[in-house]
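Subject: Handover of a structure and notes on its contents

Dear colleague,

Please find below the structure that I am handing over to you. My notes on what was found in it follow directly after.

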Amino acid sequence: QVQLVESGGGLVQPGGSLRLSCAASGSIFSRYVMGWYRQTPGKQREQVAAITSDGFTNYADSVKGRFFISRDNANNTVYLQMNSLKPEDTTVYYCNADGRVVDGPEADYWGQGTQVTVSS
């Protein structure tokens, strides 16, 4: 069973920065697409950023140029560097490990979520 553990959320002022981390258990990490999602109550979960096993990245338009995703395969960790934070970035952020292409439809894992609050 794959486990994902997020950390790094918290309260920050507008314009500030936070770095989220997601540590993955197991040997799947380097083969999976890793992503960060966020979900505001009453809205659909939104993909914020994703990174493939080869290091290709993709970002939501709302965070391009402000958020940066990276991965450390040696330490089974994915990061989300969030800069120039805005109040509208406030929500719960979730880490995702998507291995459905390599290991079938069951290989889709989520962390427990970490709260990010941007407020003065």
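A disulfide is here a pair of cysteine sulfur atoms within 2.5 Å. By this rule, the count for the structure is one disulfide. It joins Cys22 to Cys95, with an S to S distance of 2.1 Å. The link of Cys22 and Cys95 is left-handed, with -80° about the S-S bond. The pair links distant parts of the chain, since Cys22 lies in strand S3 (residues 18-24) and Cys95 in strand S9 (residues 91-98), 73 residues apart.

Please note that this is a predicted model, in which local features need pLDDT of at least 70 and side-chain atom pairs count only at pLDDT 80 or more, while totals for chains, interfaces and linings use all residues. Residues are numbered from 1 along each chain as its sequence is written, and side-chain values use heavy atoms, with hydrogens and water left out.

Buried means under 20% relative accessible area, exposed over 50%, and partly exposed in between (1.4 Å probe, protein chains only). Cys22 counts as buried, at 0% relative accessibility, and Cys95 is buried with a relative accessible area of 0%. Ser21, which is found in strand S3, is buried with a relative accessible area of 16%. Contact means heavy atoms within 4.5 Å. Leaving aside neighbours within four places in sequence, Ser21 is in contact with Val5, Glu6, Ser7, Trp36, Thr77, Val78 and Tyr79.

Turning to the chain as a whole, helices (H or I, at least four residues) and strands (E, at least two) are DSSP runs, numbered from the N terminus. The protein chain has one helix and 11 strands, in the pattern β-β-β-β-β-β-β-β-β-α-β-β along the sequence. The radius of gyration is 14 Å, close to the 14 Å that the globule rule gives for 120 residues, so the protein chain is as compact as a globular protein of that length. That radius is taken over C-alpha atoms, and the globule rule is 2.2 Å times the number of residues to the power 0.38. The C-alpha trace spans about 45 × 30 × 25 Å along its principal axes.

Buried residues make up 43% of the 120 residues in the protein chain. Among contacts between residues at least 6 apart in sequence, 54% join residues at least 24 apart.

Yours sincerely
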